Amino acid sequence: MVDTLEHLAASDAPLTIAQIADAVGVARPTMSAILSELDAAGWVERDASRAYRLGPGAAGLGSSPAGPASVITPDVVSVLDELVAATTCGVTVSRISDDRMTVVAKVHSQARPVPGLGLGQTLTVSYPTAAAVMAWRSSKAQAQWRGRAPDVRQRASGVLATVRDLGYAAYRPASSDASLVESLADLLSAVGPMLIEPTVRRSAIRQLAELSSRAYRSADLLVDEPLPISYLAAPIFHEGRPDYELQLGVLRSSVEPAERGRFGQALTEAAARVSALLDAETACGRTGQ
């Protein structure tokens with residue numbers, strides 16, 4: 001796969017399966033399977049002539065100063081490493097555009113890798129995804145995000161108020177069977193994101209997303225009992241704009257109140273540190289230092 005991506009990156013024009021297979025030195029059926037995997041992940045894309053070129057996932061990881069991955073400096077990675085060490089949870093950084101979320105960094109914990117989207121992969125942003133960022137965006141952006149359904153609008157308003165109050169969003173499974181979060185996370189972690197059959201992997205990730213698709217409101221979190229937590233997410237500000245989201249993969253069916261508070265504090269402190277690093281980096285770039 002690495003050889004395939006490197007060969008496509010070096011080419012000025014899209015290449016056919018046969019051309020790539022011959023250059024990389026693998027059988028054409030094998031190359032077809034590799035390209036199918038990379039296409040599903042957004043790393044390559046096929047044009048009308050059935051030739052392949054790098055996709056938006058790979059392009060998003062370029063080293064251009066304007067690229068989304070350019071914010072992931074060694075200092076930022078150090079903050080992410082410290083957050084993982086403090087919580088034993090994996091973390092993800094995603095860039096949030098008007099309607100898309102793109103993963104630009106992932107740091108796994110030794111206890112469990114972060115399942116779901118890979119680096120450079122994207123997904124459509126809609127309620128309740130990206131609530132941590134949407135709480136600080138315009139009323140127009142929030143209206144588009146939450147949609148038209150009256151029950152969703154009411155709940156979304158409560159979720160955004162919770163983010164502004166706590167500094168982060170908290171998610172739980174929609175299913176009453178909260179233990180499925182851990183089961184699905186264990187499955188994806190055990191086999192690795194690229195080692196299981198594509199259809200099965202996509203199904204598992206889709207189910208995991210569904211189980212992590214309900215956001216808590218403040219009153220929900222203030223109960224004195226364990227709660228299932230899939231993810232916590234805090235905004236990262238870049239020059240005052242909530243362009244990124246820092247996500248903590250708790251992925252547990254039962255989290256005690258004190259531990260929920262500890263996770264939230266560690267996450268928001270890390271997000272604030274990353275925001276400060278991004279602004280410092282921008283300021284240095286402007287002064288040439």
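A helix here is a DSSP run of H or I spanning at least four residues, numbered from the N terminus. In this predicted model, Gln-142 belongs to one such run, helix α7, which covers residues 139-146. The protein chain as a whole contains 12 helices and nine strands.

**Chain overview**
- Of the 289 residues in the protein chain, 43% are buried.
- When contacts between residues at least 6 apart in sequence are taken, 61% of them join residues at least 24 apart.

- A polar atom of the Gln-142 side chain sits 2.9 Å from the backbone oxygen of Met-134.
- Leaving aside residues up to four places away in sequence, Gln-142 touches Met-134, Ala-135, Trp-136, Arg-137, Leu-160 and Arg-164.

**Packing of α1 and α2**
- Helix α1 (residues 2-10) and helix α2 (residues 17-24) have axes that come within 10 Å and cross at roughly 115 degrees.
- That angle makes α1 roughly perpendicular to α2, because the range for this class runs from 65 to 115 degrees.
- The α1 and α2 crossing is right-handed.
- On the α1 side, Asp-3, Thr-4, His-7 and Leu-8 take part; they meet Gln-19, Ile-20, Ala-23 and Val-24 of α2.

**Glu-269 in α12**
- Helix α12 spans residues 257-287 and includes Glu-269.
- The relative accessibility of Glu-269 is 44%, so this residue counts as partly exposed.

**Loop between β5 and α6**
- Pro-128 lies in the loop that runs between β5 (122-124) and α6 (131-134).
- The peptide bond leading from Tyr-127 to Pro-128 is cis, and its omega is near 0 degrees.
- Ala-130 is also found in the loop between β5 and α6.
- Ala-130 is a residue other than glycine with a positive phi, near 70 degrees.
- With a relative accessible area of 1%, Ala-130 is buried.

**Loop between β1 and β2**
- Arg-50 is located in the loop between β1 (44-46) and β2 (52-54).
- Although Arg-50 is not a glycine, its phi is positive, at about 70 degrees.
- Arg-50 is exposed, and its relative accessible area is 54%.

How values were computed. Residues are numbered from 1 along each chain as its sequence is written. This is a predicted model: local features need pLDDT of at least 70, side-chain atom pairs count only at pLDDT 80 or more; totals for chains, interfaces and linings use all residues. Side-chain values use heavy atoms; hydrogens and water are left out. Helices (H or I, at least four residues) and strands (E, at least two) are DSSP runs, numbered from the N terminus. A polar contact is a pair of N or O atoms within 3.5 Å; within protein, one must be able to donate a hydrogen and the other to accept it, and residues adjacent in sequence count only if both atoms are side-chain atoms. Contact means heavy atoms within 4.5 Å. Buried means under 20% relative accessible area, exposed over 50%, partly exposed in between (1.4 Å probe, protein chains only). Axes are lines fitted to C-alpha atoms, for helices over the stretch in contact, and angles run from 0 to 180 degrees between N-to-C directions. Angles under 35 degrees count as roughly parallel, over 145 as roughly antiparallel, 65 to 115 as roughly perpendicular and the rest as oblique. A crossing is left-handed if the near helix is turned anticlockwise from the far one by less than a right angle, and right-handed if clockwise.
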